[in-house]
Amino acid sequence: MAKYRGDLAQRFYQSREWRTFRNRMVAILRRHPCARCGHPFTETDKRVQLDHIIEVKVDWSRRLDPRNVRLLHLACHTHHTHHDEGRKPVGVDGLPEDWQ
């Protein structure tokens, strides 16, 4: 069942429905600071990610819920994703944070 939900989520993220929703939400949310670090987004900042607070795999019904998404800088999203998946967090340079 989990594999099926993952496949369904992957197809969703390729859909026109998601792209339309994502573009609309990014336009609205980029006026606010990043939900993780609190730094503002610039007008030309293309490195942003619309993040589901409750993952699509967990609750399909909330996939297009504006209250279930937040806008993050790409580096913040990467850190968040690695943390959630139990992997070592990476810094903005792409290297593990504890790398020396």
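Let me begin with Arg67, which at 69% relative accessibility counts as exposed, where exposed means over 50% relative accessible area, buried under 20% and partly exposed in between, with a 1.4 Å probe and protein chains only. Please keep in mind that this is a predicted model, in which local features need pLDDT of at least 70 and side-chain atom pairs count only at pLDDT 80 or more, while totals for chains, interfaces and linings use all residues. Residues are numbered from 1 along each chain as its sequence is written, and side-chain values use heavy atoms, with hydrogens and water left out.

The side chain of Arg67 meets that of Asp65 in a salt bridge at 3.2 Å, N to O, a salt bridge being a side-chain nitrogen of Lys or Arg within 4 Å of a carboxyl oxygen of Asp or Glu. Asp65 also forms a salt bridge with Arg62, with the closest N and O atoms 3.1 Å apart, so that Arg62, Asp65 and Arg67 are linked in a network.

Turning to the strands, which are DSSP runs of E with at least two residues, numbered from the N terminus, strand 1 covers residues 48–52, and because 4 of its 5 residues are buried, it is largely enclosed by the rest of the structure.
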